[in-house]
Amino acid sequence: MTPTPDYSLPVVMLGAGGHAKVLLSLAIACGLDVQGVCDPQLHRLGVAQWRGIMVLGGDEALEQLDCASVGLINGIGQVVGSDLRRTVYEQAVAKGFRFPVLVHPTALVDGSAVLADGVQVMAGVIIQPDVSLGRNTIVNTRASLDHDCNVAAHVHIAPGATLCGNVQVATCAFIGAGATVIQGLAIGEGAVVGAGAVMARDLPARSILLGQTARSRPVSDE
């Protein structure tokens, strides 16, 4: 049986970029009551509405919201080398806000899968038995995770990526569009699997795999 997320609370979007557009579409498809968006740039420009919902203000608008009566959607995309998405999420959680799990109606999620707070599962995704997804993780359009994959918090699995069975993904890793990770492998913290790459051996923390070659990179200061 596919797990049923709790969509009882109204929600507010954080951010109004490209990722947020997809999430707004997902939220509407799930029947959520989206009350507005908080976005500093739109607020500075004096924009009153974004894609049919109210612009509530910039980051300071969160102070006017009751964390017990409204949930948040993290519309900030995960970009390699930036911790902004994670920072925004953790700051909001520290204030008592919750981020509902979002699962697109066209996604196939096995009932044994475990999805932590703030997980976002986009259209066409397949999640097989005994998969675990950590908080604030994105599984983007048409990605596929096979049995027993364990994905930590703040991970982005980009569109069309494939994780074969029993893949272990550490915190803040990034798996690029169309990449394939062979079964039983491990991806280290902050590591990046490049778009279209085929990963055939473990990838150490803070390394980048481009094609079949892994290279180390410095830890981001952000």
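The model is predicted, so local features need pLDDT of at least 70, side-chain atom pairs count only at pLDDT 80 or more, and totals for chains, interfaces and linings use all residues. Residues are numbered from 1 along each chain as its sequence is written, and side-chain values use heavy atoms, with hydrogens and water left out.

A few words come up again and again:

- Helices (H or I, at least four residues) and strands (E, at least two) are DSSP runs, numbered from the N terminus.
- "Buried" means under 20% relative accessible area, "exposed" means over 50%, and "partly exposed" is in between (1.4 Å probe, protein chains only).
- Two strands "pair" if DSSP finds at least two bridges between them.

**Strands and how they pair**

- Six strands make an open sheet with parallel pairing, in the order E7-E10-E13-E16-E19-E22.
- At its edges sit strand E7 (108-109) and strand E22 (198-199), each of which pairs on one side only.
- Inside that order, strand E10 (residues 126-127) and strand E13 (residues 144-145) run parallel and are joined by two bridges, with Ile 127 opposite Leu 145 in E13.
- Elsewhere, strand E1 (residues 11-14) pairs with E5 in the parallel sense over four bridges, and Leu 14 stands opposite Asn 74 in E5.
- Strand E5 (residues 71-74) is covered on both faces: Gly 71 and Ile 73 are buried on one side, Leu 72 and Asn 74 on the other.
- Strand E4 (residues 53-57) pairs with strand E2 (residues 34-38) in the parallel sense over two bridges, and Val 37 has Val 55 as its bridge partner in E4.
- E4 also runs antiparallel to strand E3 (residues 49-50), again with two bridges; here Gln 49 has Met 54 as its partner.

**Helix H1**

- His 19, Ala 20, Leu 23, Leu 24, Leu 26 and Ala 27 are the buried residues of H1.
- Just after H1 comes Gly 31, with a positive phi of about 80°.

**Nonpolar cores**

- A nonpolar core is a set of buried Ala, Val, Leu, Ile, Met, Phe, Trp, Tyr and Cys residues joined through side-chain atoms within 4.5 Å.
- The largest one has 35 residues, and those with the most contacts inside it are Val 121, Leu 133, Ile 157, Leu 163, Ile 175 and Ile 187.
- A second, separate core of 20 residues includes Leu 42, Trp 50, Val 55 and Leu 102.
- Leaving aside neighbours within four places in sequence, Ile 157 is in contact (heavy atoms within 4.5 Å) with residues including Ile 138, Asn 140, Leu 145 and Ile 175.

**Asn 140, a buried loop residue**

- Asn 140 sits in the loop between strand E12 (138-139) and E13.
- Is Asn 140 buried or exposed? Asn 140 is buried, with a relative accessible area of 10%.
- Beyond four places in sequence, its contacts include Met 122, Val 125, His 156 and Pro 159.

**One aromatic pair**

- Rings of Phe, Tyr and Trp (its six-membered ring) pair if their centres lie within 6.5 Å; planes under 30 degrees apart count as stacked, over 60 as edge-to-face and the rest as tilted.
- That rule gives one aromatic pair.
- In this pair, the ring centres of Tyr 89 and Phe 99 are 4.7 Å apart and the planes are at 45°, so the pair is tilted.
- Tyr 89 is in helix H3 (residues 84-94) and Phe 99 in the loop between H3 and strand E6 (102-103), so the pair ties together parts 10 residues apart in sequence.
- Tyr 89 and Phe 99 are both buried.

**Positive phi angles**

- Most residues other than glycine have a negative phi.
- Arg 51 has a positive phi near 50°, in the hairpin of E3 and E4, which has two residues between the strands.
- Arg 142 has a phi near 65° and is exposed at 64% relative accessibility.
- Asp 148, with a positive phi of about 65°, lies in the loop between E13 and strand E14 (150-151) and is partly exposed at 34%.
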